[in-house]
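My entries follow in the order I made them.

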Amino acid sequence: MGKMKAVRIDRPTKAEDIMLTECEIPKVRPGWVLLKVMAFGMNHSEQILRREEILEDYIQKPVIPGIECVGVIEDPSDSHFQRGQRVAALMGGMGRSFDGSYAEYALLPAHHVFAAESSLSWEMLAAVPETWFTAWGSLFECLDLRPGDVLLIRGATCALGYAAIALAKAHGCKVIATTHRERKLSLLADADEAVLDEGSLVGTLKGKGITKALELVGPKTVKDTMQCMEKGGIVCNTGILGGIYTLDGFDPIKEIPNGVYLTGFFSNTPTQEVMTDIFHYIEKNGIVPKIGACVPFSKIQSAVEAMDAGTVDGKIVVTMEVG
Ligand SMILES: NC(=O)c1ccc[n+]([C@@H]2O[C@H](COP(=O)([O-])OP(=O)(O)OC[C@H]3O[C@@H](n4cnc5c(N)ncnc54)[C@H](OP(=O)(O)O)[C@@H]3O)[C@@H](O)[C@H]2O)c1
């Protein structure tokens, strides 16, 4: 069907070794649809894939990374989609067990592709699927966020953190957001309070009435986060920014305070219903997804380098050149 440009990796790869290669545009098959990618957001998990997860057996090799994208249906195959329809796709093994979005075209399972009813530009739309689905699921499905809640967001200077601040503020909550870098406190101005996280927060935050907590640093700090909660409070572990993925030797009897609840969110099962709710909510509330940088596909290497350097505040979006 012709050729396309894509990033493909088959081993741990440094940012400076990321390059575009030419490969076949994938052939459509039943149950799968072919998307012309218009833009895609980049994610912390793609950094983990590139650095270490690529060695795992469940990763297809070589693989085109990228766990999300927005674009138009090029070939709907046997699905309900129409050619030219505007869609978003995310997760379900994308960019891990089958090729993902760092490409001009992506062949994706129809059940992980969603109609994107939104007037946002491609660039803005690309900042939404994975980040906003995760923020939405963590806050509403897992934390049962209610107006009036006092929400702690730990590790808030990431795309997910900024989205969660915007959602929680629009929902009528008080937000306390943390960063481990003093110079980034000013980036948390949309929260009600910005707090420097030097490893332990219980001394600073216990007694502040925190009813819900979104833990993005992860197992490195989640025990301390649980200690900051009011009785009846819920902690949702969604992130792993701290680089520690499991709680080894976890003693739930002693380490979960009485009357505090611990849950976790995994973004692997998006639905059309939730994606539609998110697109509508963003439009209705006039929310502008925070984009830290917008990079053309031909400069994908610099986007990956920027992610490694941690110099971009907000979502990195990659756009395809028109033509
Ligand atoms: N559970 C799920 O299904 C799910 C879905 C999506 C994302 N996630 C997770 O959510 C987290 C955020 O993802 P993202 O894609 O939004 O990230 P991102 O935008 O790529 O942000 C990465 C940035 O987070 C910052 N960060 C903030 N606090 C940190 C800390 N304590 N330690 C290290 N870095 C810290 C780093 O910059 P500074 O160090 O300069 O602050 C880093 O540049 C990640 O852990 C990701 O794996 C989970």
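**Backbone entries**

I started at Pro-62, which sits in the loop between H1 and strand S4 (68-75); helices (H or I, at least four residues) and strands (E, at least two) are DSSP runs, numbered from the N terminus. The peptide bond from Lys-61 to Pro-62 is cis, with omega near -5°.

I noted the ground rules here. The model is predicted, so local features need pLDDT of at least 70 and side-chain atom pairs count only at pLDDT 80 or more, while totals for chains, interfaces and linings use all residues. Residues are numbered from 1 along each chain as its sequence is written.

Ser-77 is partly exposed, with 15 other C-beta atoms within 10 Å. On this scale a residue is buried with 20 or more other C-beta atoms within 10 Å of its own, exposed with 12 or fewer, and partly exposed in between; C-beta atoms are placed from the backbone.

Met-91, in the loop between S5 and strand S6 (105-109), also has a positive phi, near 60°. Met-91 counts as buried, with 21 C-beta neighbours inside 10 Å.

**Whole chain**

I counted 9 helices and 15 strands in the protein chain. The radius of gyration is 20 Å, close to the 20 Å that the globule rule gives for 323 residues, so the chain is as compact as a globular protein of that length. The radius is taken over C-alpha atoms, and the rule is 2.2 Å times the number of residues to the power 0.38. The C-alpha trace spans about 60 × 40 × 35 Å along its principal axes. Buried residues make up 44% of the 323 residues.

**Domains**

The chain is divided into domain 1 (3-128 + 289-319) and domain 2 (130-264); the bounds come from an automatic or database domain assignment. Their centres, taken over C-alpha atoms, are 28 Å apart. The contact takes 14 residues from domain 1 and 11 residues from domain 2, where two residues are in contact if their C-beta atoms, placed from the backbone, lie within 7 Å.

**Ligand shell**

Which residues are closest to the ligand? I found 27 residues around it, the closest being Cys-158, Ala-159, Gly-239, Ser-267 and Gly-310.

H3 gives the most, with 3 residues. Domain 1 and domain 2 both give residues to the shell around the ligand, so it lies between them.

**Nonpolar core**

I then looked up the largest nonpolar core, which has 95 residues. Such a core is a set of buried Ala, Val, Leu, Ile, Met, Phe, Trp, Tyr and Cys residues joined through C-beta atoms within 7 Å. Leu-35, Ile-153, Ala-164 and Ile-165 have the most contacts inside it. H4 gives the most to this core, with 9 residues. Domain 1 and domain 2 both give residues to this core, so it lies between them.

Leaving aside its neighbours within four places in sequence, Ala-164 is in contact with Ala-135, Ser-138, Leu-139, Ile-153 and Leu-214.

Key. Near = placed C-beta within 6 Å.
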